[in-house]
Amino acid sequence: MKYVSAQEAVSLIKSGDHVYVQGSTSIPETLCEALAQRGSELRDVTLYTGFAVARGEAPFCKPEYKDSFLVDSFFVNNSVRRWINEGYGSMTPRFLGDVPDLFRKGIWPIEVAMLNCSLPNEEGYVSFGVSGDVAVSAVQCAKTIIAQINPRMPFSYGDPVVHVSRIAAAVEVDEPLVEVPTPTPTEKEEKIGRYIAELIPDGATLQIGVGGIPNAVIAALSNHKHLGLHTEAMTDGVLPLLQSGVIDNSQKVVEPGKSIASLALGSRHLYEYMNYNKDIIFRDVAWTNDPFVIAQNPKVMSINSCLEIDLTGQVCADSIGTRIFSSVGGQHDFVYGSSRSEGGISFLAMLATTNKGGNKIKPVLTPGAGVVTTRFQTNYVVTEYGIVNLMGKNLAERAKLMISVAAPEFREELDRAAAERFGYSYLRLK
């Protein structure tokens with residue numbers, strides 16, 4: 001492995017190249033800065049970006065670089081969100097678990113992968129620990145690998161490792177990973193957490209999303225037994241359950257005894273807990289998010305959030321109207337996987353109103369909103385006003401249930417919309 005300066009490392013990137021930029025909380029910032037400094041000499045470099053939490057906007061997202069770097073994102077993160085919504089970059093719709101196929105089938109060509117990696121182990125492997133997700137397939141398919149070698153990166157067991165002999169250029173950095181504070185659930189979120197926890201049985205396998213509501217669910221599970229973890233994102237929220245033995249993975253079928261994730265985002269405490277921890281395995285997202293792998297575990301509980309839902313159960317989780325906010329992620333994969341799991345349940349949870357008091361349960365979705373989970377798949381919907389099960393319910397019945405968990409000040413308006421849309425089939429339920 002050859003150590004060079006960041007400027008020397010990115011000199012391997014040529015005009016017209018397709019470059020994967022690692023995500024999660026481990027964007028290789030030193031390499032990104034050095035690449036941006038070459039903007040005046042490069043043209044038509046495609047940058048693949050995905051799920052990530054960044055310290056700020058990407059350095060290559062500047063008007064003077066609009067012909068130098070094309071950002072093509074499969075999950076719009078905070079470093080590129082403004083750039084994409086202003087029309088300079090773009091987003092490729094794809095279930096996160098299906099993105100690796102874009103590389104492996106050659107649909108997305110890839111010349112270079114830029115990584116943030118751990119120190120080598122005794123066998124000469126480095127780990128890109130907190131970001132297995134799409135990075136595994138990018139590393140397998142890239143012709144050239146450029147890496148930051150960073151003592152702050154935990155060494156994870158599983159798929160996100162590469163031998164130093166494959167790294168064309170390495171840059172020594174000592175760069176803290178981005179830390180994502182664990183949100184303290186509000187009183188309303190705690191209510192949602194209790195509604196969900198009451199339906200989670202002992203021995204369940206958990207997939208838990210990110211944010212205040214998932215953390216509220218976790219907090220309500222402290223008296224459960226023999227839970228398992230097979231999730232897309234590992235966060236600080238699960239640490240108390242791991243450390244107390246509530247999550248022991250003893251009743252899982254897939255990788256029993258091991259906690260499974262594809263990426264991590266949290267605090268330094270989480271990253272230190274992960275480091276050389278053989279009880280935690282990180283996998284390629286094509287495997288963690290495969291619904292048929294997920295379904296092999298019993299009692300899969302899929303817990304995800306959303307931005308808005310209409311009266312029929314159509315769920316938007318990726319956009320605010322036409323404005324792309326994120327992407328599908330693994331919501332669909334785990335909703336489907338849990339539906340095929342013996343005793344599985346999917347929960348889609350949100351606060352009933354926006355921060356500005358707007359209604360999030362709509363007669364119809366906001367024009368331009370993307371449907372992430374179709375009404376044909378929606379199972380339990382949860383707000384601070386209750387929990388309802390849409391499975392097996394017709395459209396009129398769904399409307400009545402959805403109105404029952406809407407904010408009270410919007411129920412009359414929703415009732416009129418439902419009556420107009422569904423006619424007597426709805427009115428006869430009143």
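Student: Quick one to start: is Glu308 buried or exposed?

Tutor: Glu308 is buried, at 9% relative accessible area. Buried means under 20%, exposed means over 50%, and partly exposed is in between, with a 1.4 Å probe and protein chains only. Bear in mind that this is a predicted model, where local features need pLDDT of at least 70, side-chain atom pairs count only at pLDDT 80 or more, and totals for chains, interfaces and linings use all residues. Residues are numbered from 1 along each chain as its sequence is written, and side-chain values use heavy atoms, with hydrogens and water left out.

Student: OK, and which side chain does Glu308 meet in a salt bridge?

Tutor: Lys362, at 3.4 Å from N to O. The pair links distant parts of the chain, 54 residues apart: Glu308 sits in strand E18 (residues 308-310) and Lys362 in strand E23 (residues 361-362). A salt bridge here is a side-chain nitrogen of Lys or Arg within 4 Å of a carboxyl oxygen of Asp or Glu. Strands (E, at least two residues) and helices (H or I, at least four) are DSSP runs, numbered from the N terminus.

Student: How many salt bridges are there in the whole structure?

Tutor: The search finds 13. One of them joins Arg82 and Glu86 at 2.8 Å, N to O. Arg82 is partly exposed at 34% relative accessibility, and Glu86 is partly exposed too, at 46%.

Student: Which residues are linked in a network with Arg82?

Tutor: Glu57 and Glu86 are linked with Arg82 in a network of salt bridges.

Student: What about Lys105, which side chain does that one meet?

Tutor: Asp101, in a salt bridge of 3.5 Å, N to O. Lys105 is exposed at 60%, whereas Asp101 is partly exposed at 28%.

Student: Switching to helices. At what angle do H6 and H7 cross?

Tutor: Roughly 55°, with the axes of H6 (residues 187-197) and H7 (residues 212-219) coming within 7 Å. Axes are lines fitted to C-alpha atoms, for helices over the stretch in contact, and angles run from 0 to 180 degrees between N-to-C directions. H6 and H7 are therefore oblique to each other; under 35 degrees counts as roughly parallel, over 145 as roughly antiparallel, 65 to 115 as roughly perpendicular, and the rest as oblique.

Student: And which residues make the contact?

Tutor: From H6, Glu189, Glu190, Ile192, Gly193, Ile196 and Ala197; from H7, Gly212, Ile213, Ala216 and Val217. Contact means heavy atoms within 4.5 Å.
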